[in-house]
2 protein chains.
Amino acid sequence: MAKEKGLTPQSQDFNEWYNEVIQRAELVDYGPVRGTMVIRPYGFGLWENIQRALDDMFKATGHTNAYFPLFIPMSFFQKEAEHVEGFAPELAVVTHAGGEELEEPLAVRPTSETIIGHMWAKWVRTYRDLPQLLNQWGNVVRWELRTKPFLRTSEFLWQEGHTAHATQAEAEAEVRQMLGVYAKMSREWAAVPVWEGVKTESEKFAGAVYTTTIEAMMRDGKALQSGTSHYLGTNFAKAFDIQFQDRDQQNKYVHTTSWGLSTRMVGAVIMTHGDDKGLILPPRIAPVQVVIVPIYKSDTREQVMPAVERLAADLKAAGVRVVLDDRDQYSPGFKFNEWELKGVPLRLEIGPRDVEAGTAVLASRLGGKETVQLAEVVGQIPHKLEAFQAALYQRALEFRDSHTWEVDSFEEFKEKVEQGFVKAFHCGDKECEKQIKAETTATTRCIPFDEPEAHGSCVRCGKPSAYGKRILFAKAY
Amino acid sequence: MAKEKGLTPQSQDFNEWYNEVIQRAELVDYGPVRGTMVIRPYGFGLWENIQRALDDMFKATGHTNAYFPLFIPMSFFQKEAEHVEGFAPELAVVTHAGGEELEEPLAVRPTSETIIGHMWAKWVRTYRDLPQLLNQWGNVVRWELRTKPFLRTSEFLWQEGHTAHATQAEAEAEVRQMLGVYAKMSREWAAVPVWEGVKTESEKFAGAVYTTTIEAMMRDGKALQSGTSHYLGTNFAKAFDIQFQDRDQQNKYVHTTSWGLSTRMVGAVIMTHGDDKGLILPPRIAPVQVVIVPIYKSDTREQVMPAVERLAADLKAAGVRVVLDDRDQYSPGFKFNEWELKGVPLRLEIGPRDVEAGTAVLASRLGGKETVQLAEVVGQIPHKLEAFQAALYQRALEFRDSHTWEVDSFEEFKEKVEQGFVKAFHCGDKECEKQIKAETTATTRCIPFDEPEAHGSCVRCGKPSAYGKRILFAKAY
């Protein structure tokens with residue numbers, strides 16, 4: 001519910017704006033256990049629409065859903081050295097169940113490479129059992145110290161894709177294909193522009209050969225890693241002994257991949273599009289695309305309501321997610337504020353004179369009002385929603401591009417990285433990367449696939465650049 | 001994969017038949033942790049189709065999805081006396097997280113009444129905030145001693161609906177409405193006939209005022225409780241202090257309900273329809289509705305494949321879930337066995353002579369073969385699938401009705417309850433119910449809504465009947 005008081009302006013305190021808007025728009029609330037969140041219907045509606053878009057793309061690329069247990073024997077994590085180092089500190093551990101102490105403690109899954117690897121070792125016998133193309137929708141737990149709803153919580157919802165292939169080439173193609181699916185979902189559904197690229201060694205997934213990522217820019221200039229796709233090589237195949245007999249009769253290890261996208265994407269949508277009035281939601285994933293606010297006094301109610309009810313029914317029949325806000329206890333102005341806070345793309349206002357004239361006022365959450373003919377508006381709305389979607393993406397793209405700089409000196413790096421993204425040369429040395437983080441809190445976000453070949457000196461230490469192109473730095477969530 | 005050896009016949013050992021069929025049909029596998037299951041793609045496909053049917057019905061009745069945390073403070077369970085008694089012995093407990101011992105141990109949710117009650121206490125202020133109509137899809141953990149995939153596992157997937165209302169009448173109407181949704185899903189999608197009724201006091205949900213249930217009969221005559229809907233009264237409202245200011249300015253406790261249906265329903269489908277050849281799946285939820293098996297030798301392959309590929313594409317375009325089994329390494333006979341094991345409703349066989357004649361052989365998993373015209377079959381398949389669905393339900397209904405008896409003596413009770421369901425009078429005394437269970441292992445399944453009024457003497461102790469009608473007894477999973 002909208003409160004009397006406005007939101008803290010983004011320019012004053014972006015963090016506070018975020019904390020206020022997610023609660024007031026009823027996206028989320030804090031759970032009773034530290035670091036947990038309750039996803040309320042309006043926030044879950046966003047996630048459901050993201051899920052549907054992704055699930056359709058997963059299936060179109062040949063994947064099927066499955067479900068693996070939440071509890072994983074602690075010993076499984078010991079089998080892959082980097083994996084245990086990365087995840088052991090964040091595990092939640094079940095030690096008692098059914099009133100007794102367990103013989104072996106159980107980890108609550110932080111990710112499922114180990115348990116899926118264990119099952120593949122049983123299921124995969126020959127090349128005919130490959131590829132394995134699985135996806136799982138579910139919850140995972142990572143005990144994080146600093147939490148923030150949607151961005152980093154002790155428990156979160158996500159999908160984790162896991163695939164096993166006969167060859168490295170096929171596995172690597174899968175890694176890129178699924179990163180492409182994430183980029184498409186982000187751009188075309190969430191209207192969030194992203195860079196696609198490879199993580200540096202220090203930023204890769206614990207247990208991966210390499211990690212690819214989509215990186216988005218929030219309106220405070222900070223980066224949000226929004227989805228990752230990993231090539232795991234034969235690391236997990238060796239740890240769990242997943243071998244197959246190939247066409248040439250030889251026993252070989254499979255090459256595996258994993259890829260995940262989480263409720264974080266909801267955070268990306270909020271922080272990419274929102275303004276001082278509240279959320280602005282992309283129509284394709286907005287739980288409510290159009291709100292109708294009837295405007296009447298007690299003596300004109302009977303005149304207005306039949307017209308708006310018919311309009312709501314017609315829009316619904318046309319496949320538009322519409323709400324008719326017929327609450328008597330609130331004024332139109334109150335309702336306008338509330339639906340602006342909730343980021344509904346389009347609003348239709350209809351009063352007694354509109355009904356007489358056969359018109360309505362159409363207001364866009366991106367600004368602007370126009371008078372539309374009631375007889376035509378149902379046919380126009382789908383196009384207007386698509387135009388809104390495109391404008392929102394364009395606006396985000398322009399914001400991102402105007403907050404991205406190529407820099408060649410560390411002084412400029414430090415200045416610009418306070419405002420957005422920086423493209424710079426880097427020597428590839430982990431220690432140098434660490435030093436940059438220590439001095440600026442900025443990290444490498446990725447080595448972008450699309451960045452043209454170029455060579456230069458490391459922006460901090462001056463040694464020759466290691467990646468054959470500029471790489472992306474930013475402060476990150 | 002089909003093995004050389006057939007399944008153990010149901011009549012020989014139903015339990016063993018079940019254990020074999022679920023694994024060979026690749027519905028499920030055993031997880032590494034005791035009592036857990038891995039739901040494989042074919043099994044998960046069934047569950048996804050059940051989910052979609054239910055989710056549509058939930059939304060059509062005004063409910064929205066939300067997500068509440070997996071971890072619940074142990075202290076929450078103490079707040080409702082019956083609830084803690086019922087669930088405490090089955091809890092899995094997280095005692096360590098992030099490398100440290102927690103101050104308060106956390107229960108992994110066995111069900112979410114407590115944590116949702118906690119949040120409602122914060123969200124619900126006035127009658128305008130009611131009703132709360134929420135549903136959650138997710139996993140829960142109950143540490144069971146004897147487990148069986150789909151029927152009873154340490155972790156399972158389900159949906160749990162939770163609603164809060166201003167009045168008892170409205171809450172009770174919700175309880176019946178949602179039981180009706182379960183019954184409709186069971187009958188019309190799963191083709192599983194069910195009795196709807198109220199549980200006796202000894203069999204109700206821990207914390208409920210009363211529990212309503214749908215009860216199905218498996219092919220061994222045993223009952224499977226397949227979905228429950230509970231009226232919780234103000235029990236949880238009082239435990240979590242969920243009060244609202246009503247229209248009359250008075251503060252009142254809300255009346256809550258909860259209702260759940262789980263992956264158990266997959267078990268119901270397997271055990272209601274399967275036969276000695278394997279599964280028989282209802283078309284509306286079958287992951288594969290039609291399989292096409294091309295029949296060729298090496299010199300006729302080129303003649304057959306284009307025709308079956310076109311047919312598969314046409315069926316897919318018509319919305320049919322179809323698989324073209326073009327695996328060269330297996331014989332048609334092997335494929336027939338495998339798809340029969342997997343319970344695919346319809347099979348199309350096409351050889352070179354069929355292609356020439358423009359025909360195919362259509363075989364039904366319920367028996368019978370016919371020759372169909374290739375030019376017409378795509379248009380016919382949807383009707384044939386609906387007819388299959390209806391026949392499957394009819395077959396299950398006849399089986400159930402022929403295995404249900406009205407009995408009036410305990411001798412007859414003991415005899416008949418070995419073969420199916422028994423309708424009998426009962427005195428309503430908990431001790432008498434316990435005695436029946438001790439002597440026969442049968443329990444009361446429900447007091448059926450549709451059973452006509454009747455009066456008689458308790459089938460065991462001879463005291464007057466308590467329910468005004470016969471009630472249902474059976475051995476149960």
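Chain B and chain A bury about 4,200 Å² between them. Carbon and sulfur atoms give 64% of that area. The figure comes from a predicted model. The size of an interface is often given as the accessible area lost when the parts come together. On the chain B side, Pro32(B), Tyr67(B) and Phe71(B) lose the most area to chain A. Together these residues account for 15% of what that side buries.

Now count residues. The contact takes 55 residues from chain B and 55 residues from chain A. What kinds of residue make up the side of chain B that touches chain A? They divide into 32 nonpolar, 12 polar and 11 charged.

Polar links also cross the interface. Between chain B and chain A there are 24 residue pairs in polar contact, with both residues at pLDDT 80 or more. There are also 4 salt bridges across this interface. Over all chains, the salt-bridge count comes to 64.

Lys122(B) forms a salt bridge with Asp29(A). The closest N and O atoms of this pair are 2.7 Å apart. Lys122(B) sits in helix H5 of chain B, which spans residues 113-123. Its partner Asp29(A) sits in strand S1 of chain A, residues 28-30. The pair thus runs from a helix of one chain to a strand of the other.

How are the two chains arranged? Chain B can be laid on chain A by a turn of 180° and a shift of 0.0 Å along the axis. The same surface serves both copies, as 100% of the contact residues of chain B recur in chain A. Which residue of chain B comes closest to the rotation axis? It is Val94(B), with its C-alpha at 2.1 Å.

Next, look along a single chain. Chain A is divided into domain 1 (14-273), domain 2 (290-384) and domain 3 (404-474). The centres of domain 2 and domain 3 of chain A, taken over C-alpha atoms, are separated by 50 Å.

Finally, some backbone details. Most residues other than glycine have a negative phi, and most peptide bonds are trans. The peptide bond from Leu130(A) to Pro131(A) is cis, with omega near -5°. Pro131(A) lies in the loop between helix H5 (113-123) and strand S7 (132-141) of chain A. In chain B, a cis peptide bond joins Leu130(B) and Pro131(B), and omega is about -5°. Pro131(B) lies in the loop between H5 and strand S7 (132-141) of chain B. Thr441(A) is not a glycine, although its phi is positive, about 65°. Look for Thr441(A) in the loop between helix H14 (430-440) and strand S22 (443-448) of chain A.

Definitions and conventions: Residues are numbered from 1 along each chain as its sequence is written. Chains are lettered from A and ligands numbered from 1 in the order in which they are written. This is a predicted model: local features need pLDDT of at least 70, side-chain atom pairs count only at pLDDT 80 or more; totals for chains, interfaces and linings use all residues. Side-chain values use heavy atoms; hydrogens and water are left out. Copies are superposed by least squares on the C-alpha atoms of residues with pLDDT of at least 70 in both. Contact means heavy atoms within 4.5 Å. Domain bounds come from an automatic or database domain assignment. Buried area is the accessible area (1.4 Å probe) that two parts lose on being put together, summed over both. A salt bridge is a side-chain nitrogen of Lys or Arg within 4 Å of a carboxyl oxygen of Asp or Glu. A polar contact is a pair of N or O atoms within 3.5 Å; within protein, one must be able to donate a hydrogen and the other to accept it, and residues adjacent in sequence count only if both atoms are side-chain atoms. Ala, Val, Leu, Ile, Met, Phe, Trp, Tyr, Cys and Pro count as nonpolar, Asp, Glu, Lys and Arg as charged, and the others, Gly among them, as polar. Helices (H or I, at least four residues) and strands (E, at least two) are DSSP runs, numbered from the N terminus.
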